[in-house]
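Visitor: I have a structure open and would like to go through it piece by piece. Can we start with what the words mean?

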Amino acid sequence: MARPAPSRPPETAIRYIDGIAQHDAIVKELQDRIAMLEQALAEQRGTPVRITPPSSSSSFRSLSLPESRKSPVPEWPSFDDPITRETSLEVSPPSSLPPATVPTDLCYTEMDLASTIPHPLPTILYESSSTLAHLCIAQHGEFIGRGSLICALHSITNRSSPRFLYAKSTDAIFEGRGDTERFSLLPYASHTVQQLVLKLPQTQAFDALVESYFFNLNWRYGIPKPWFTRASQQMWSKIQISPDQSSEINAHFLMLVFSILAVAPRDDQLGVSIPIHSCDDYFMCAMISRRIAEDDYLNTPRTSTMVSPADGTVLGCLATPILANFLSERGRVSEAWKLVGSGVRNAQAVGLHRDPDWRLWQVMSQEEKMLRVRAWWSLFIADRFLSYMLGRPPMIRREMYDVELPSSTNEDGSFDLFGFNQRIMIELAVSLGEVIDTCYNVSYPPCSEFIAMDEKLEAWRGSVPKEYQESQEITYLRGYQDTEISILARQRYILNTWYLVGRLKLLIASTTGQHRAAQIPRDLGRCRELCISVALELIKYQCNFHDGLVEQFKERQKLHYAYLASGWLFHGCFSLFEACVALLATKERITGQETVLGAMEAFDRTLEVLGETAKHEAGKEGSIANMAINVLQPLRAQRFSGPPLGNESVFEVAPNGNGDLSWLTGSMSRREEFVYGEAPVGYTLRYDTPPKLSRLSNSSVL
């Protein structure tokens with residue numbers, strides 16, 4: 001049967017081909033120069049090197065390696081000895097491995113990781129999978145940096161397809177915009193403050209949503225409830241007494257109010273008995289309030305000393321992380337990152353980067369100081385975490401602020417659990433920022449630096465207070481009330497998730513990349529083993545956590561509360577998605593007979609958990625789970641043999657001394673004290689650190 005004539009390639013492909021054609025000559029010249037330099041260096045050392053002329057068929061093809069580097073490494077170093085780790089950051093972290101000596105008779109040229117893949121991912125499957133995976137966090141044409149699941153997918157292809165589409169700038173027409181589905185039907189730019197006030201629910205529904213927010217979610221954002229209650233009463237008094245003067249309500253405060261209404265978990269019956277708008281509509285009202293607040297800078301006369309459009313900016317900064325998490329849960333991570341960046345600029349505009357006790361400030365009240373400190377550090381954490389998730393540089397640098405760390409003690413001497421947790425989250429955010437500066441810059445560092453940064457993260461994990469140690473049974477902590485125990489459990493889950501995600505993305509970056517300098521086999525093998533170990537650890541942790549939620553909250557309404565209150569819809573679903581792709585990509589690059597025992601079981605368990613989440617969350621809240629399923633199912637069918645696991649078989653692993661992953665079935669501790677919704681029921685998790693993999697199993701399983 002004759003093959004049909006090829007059709008005209010899509011415009012994006014034409015753009016890609018044109019870009020290659022323009023740069024082929026430059027790339028070839030640079031490759032020739034590199035070959036000459038390498039040959040000269042080898043002659044200087046007195047070591048002959050065999051250089052194969054580079055092919056000019058593709059500007060993305062690597063230089064040929066010496067014959068000694070083409071064959072798989074026959075034996076990776078043994079990692080039977082556990083790495084000694086200090087449990088306090090006061091002691092300098094141990095070195096990762098003894099410094100390896102590079103043989104003088106080996107001249108390293110450019111490393112082509114694709115050469116270690118016996119069966120690259122088909123181009124069609126890669127393009128469809130990467131397209132959906134990209135949409136989980138950003139729009140097409142937006143940059144996703146190092147260490148992402150996009151990198152992991154691209155690392156197991158033949159590298160003939162580009163990683164990214166670029167955002168086109170040469171056309172004045174935005175075709176297809178009329179066919180897109182709007183986030184909310186509310187018009188964006190035609191509202192005034194008076195019109196926004198009409199979108200507020202009745203006081204009964206308002207109080208119910210606000211109470212739901214403070215009960216379920218405020219442990220993450222730290223909005224002072226007494227202050228917010230008093231400010232809300234001022235707003236309602238103005239609306240009821242002088243409806244014509246509702247325009248005097250601060251747009252920044254409205255932004256915070258609508259943010260709380262948007263994220264507050266709600267009962268199905270609430271919208272039936274009392275009319276309220278959807279979560280998406282309240283989110284859009286918050287964004288409109290933000291737009292109005294920005295427009296006030298143009299409309300308010302600068303000559304007035306009584307009124308300033310900057311008044312209330314801190315409240316908008318408090319609302320920004322709430323709105324960013326709302327977007328992240330719906331797969332809009334890039335939009336969340338840009339929103340946080342705008343919030344950082346607004347914060348700097350009113351001096352939040354300077355400590356409230358700075359001697360040049362006028363005297364502030366303690367309440368004002370607390371709002372400013374919490375707003376600044378909340379933006380700092382969101383900026384670092386989202387930048388790390390997307391592989392982009394953060395906006396906030398250490399030399400540009402002098403704000404004191406949050407206090408774990410309230411003004412009256414009582415314990416401040418939010419401030420206590422925020423200090424630990426800041427420590428992790430600082431560590432992830434160091435990873436970005438060291439390992440996510442434009443040049444690739446060697447694998448040894450990735451290993452050193454991973455050990456720093458491990459050392460940090462061992463130094464956190466016992467309240468956040470996974471080995472510590474949380475319900476046995478003394479000196480805490482039941483409500484504080486439930487908050488500690490939620491904080492522990494978010495903290496440990498970001499810690500594992502931070503390590504996973506670092507290790508993905510260490511084992512992927514194109515046009516990198518060749519790496520020492522020992523270091524590269526170590527990075528791959530660590531990546532597999534952390535991916536399996538993360539999958540086990542999240543699946544066990546989800547099992548606990550489902551077991552305790554069998555009713556759909558209560559499970560919805562649990563999903564929102566715990567942060568599962570973003571932290572759980574996306575980390576599972578990324579861990580599965582990382583596991584698959586790293587497994588595919590293992591040479592020889594080495595296999596990863598338990599990988600298929602982990603993959604199938606993830607699909608099962610994501611399927612349950614998508615079943616319970618059919619709207620935008622389940623978008624990450626749905627997209628992840630659409631990506632993982634074809635990958636599973638392509639890269640794994642055998643039928644999916646049934647409900648009776650979850651992480652069943654064949655006995656094996658080297659690759660035994662029986663710790664994936666570790667037991668959980670469940671207690672009736674982790675409050676999520678209406679009833680005082682809950683869940684706590686004890687996670688036992690798995691043994692380090694001594695070697696990848698040689699059993700022929702996968």
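Guide: A residue counts as buried when its relative accessible area is under 20%. Keep in mind that this is a predicted model.

Visitor: Okay. How many residues of helix 16 are buried?

Guide: Helix 16 is mostly covered, with 27 of its 30 residues buried.

Visitor: What should the span of helix 16 be, and what is it in the model?

Guide: Helix 16 runs over residues 482–511, and at 1.5 Å a residue its 30 residues should span 44 Å. The C-alpha atoms at its ends are 44 Å apart, so the model agrees with the expectation.

Visitor: What follows helix 16?

Guide: Gly 513 follows helix 16, and its phi is positive, near 120°.

Visitor: Which way does helix 15 run relative to helix 16, parallel or antiparallel?

Guide: The axes of helix 15 (residues 447–463) and helix 16 come within 9 Å and cross at roughly 170°. Angles over 145 degrees count as roughly antiparallel, so helix 15 is roughly antiparallel to helix 16.

Visitor: Which residues meet there?

Guide: From helix 15 they include Cys 447, Phe 450, Leu 457 and Trp 460. On the helix 16 side they include Leu 495, Tyr 499, Arg 503 and Leu 506. The residues of this contact divide into 10 nonpolar, 3 polar and 4 charged.

Visitor: You mentioned a cysteine. How many disulfides are there?

Guide: The count comes to 0 disulfides. A disulfide needs two cysteine sulfur atoms within 2.5 Å.

Visitor: Let's do helix 17. How far does it reach?

Guide: Helix 17 covers residues 521–552, which is 32 residues. From its first C-alpha to its last it reaches 47 Å, close to the 46 Å expected at 1.5 Å a residue.

Visitor: Something off the helices now. Is Asp 244 buried or exposed?

Guide: Asp 244 is exposed, with a relative accessible area of 74%. It is found in the loop between helix 7 (225–241) and helix 8 (251–263). Gln 194 is 50 residues from Asp 244 along the chain, and their C-alpha atoms are separated by 8.2 Å.

Visitor: And Lys 369, buried or exposed?

Guide: Lys 369 counts as buried because its relative accessibility is 18%, and buried means under 20%. Lys 369 is found in helix 13, residues 366–390.

Visitor: What is Lys 369 in contact with?

Guide: Leaving aside neighbours within four places in sequence, Lys 369 is in contact with Pro 356, Asp 357 and Met 364. Asp 357 is 12 residues from Lys 369 in sequence, and 8.1 Å away in space from C-alpha to C-alpha.

Visitor: Last one, the whole chain. How many helices and strands?

Guide: The protein chain has 21 helices and 2 strands. Of its 702 residues, 55% count as buried. Among contacts between residues at least 6 apart in sequence, 78% join residues at least 24 apart.

Definitions and conventions. Residues numbered from 1 in each chain as written. Predicted model: local features only at pLDDT ≥ 70, side-chain atom pairs only at ≥ 80, totals over all residues. Heavy atoms only, no water. Helix = DSSP H or I, 4+ residues; strand = E, 2+ residues; numbered from the N terminus. Expected span 1.5 Å × (residues − 1). Buried < 20%, exposed > 50% of the residue type's maximum accessible area, 1.4 Å probe, protein only. Axes fitted to C-alpha atoms, helices over the stretch in contact; angles between N-to-C directions. Parallel < 35°, antiparallel > 145°, perpendicular 65-115°, else oblique. Contact = heavy atoms within 4.5 Å. Nonpolar A, V, L, I, M, F, W, Y, C, P; charged D, E, K, R; others polar.
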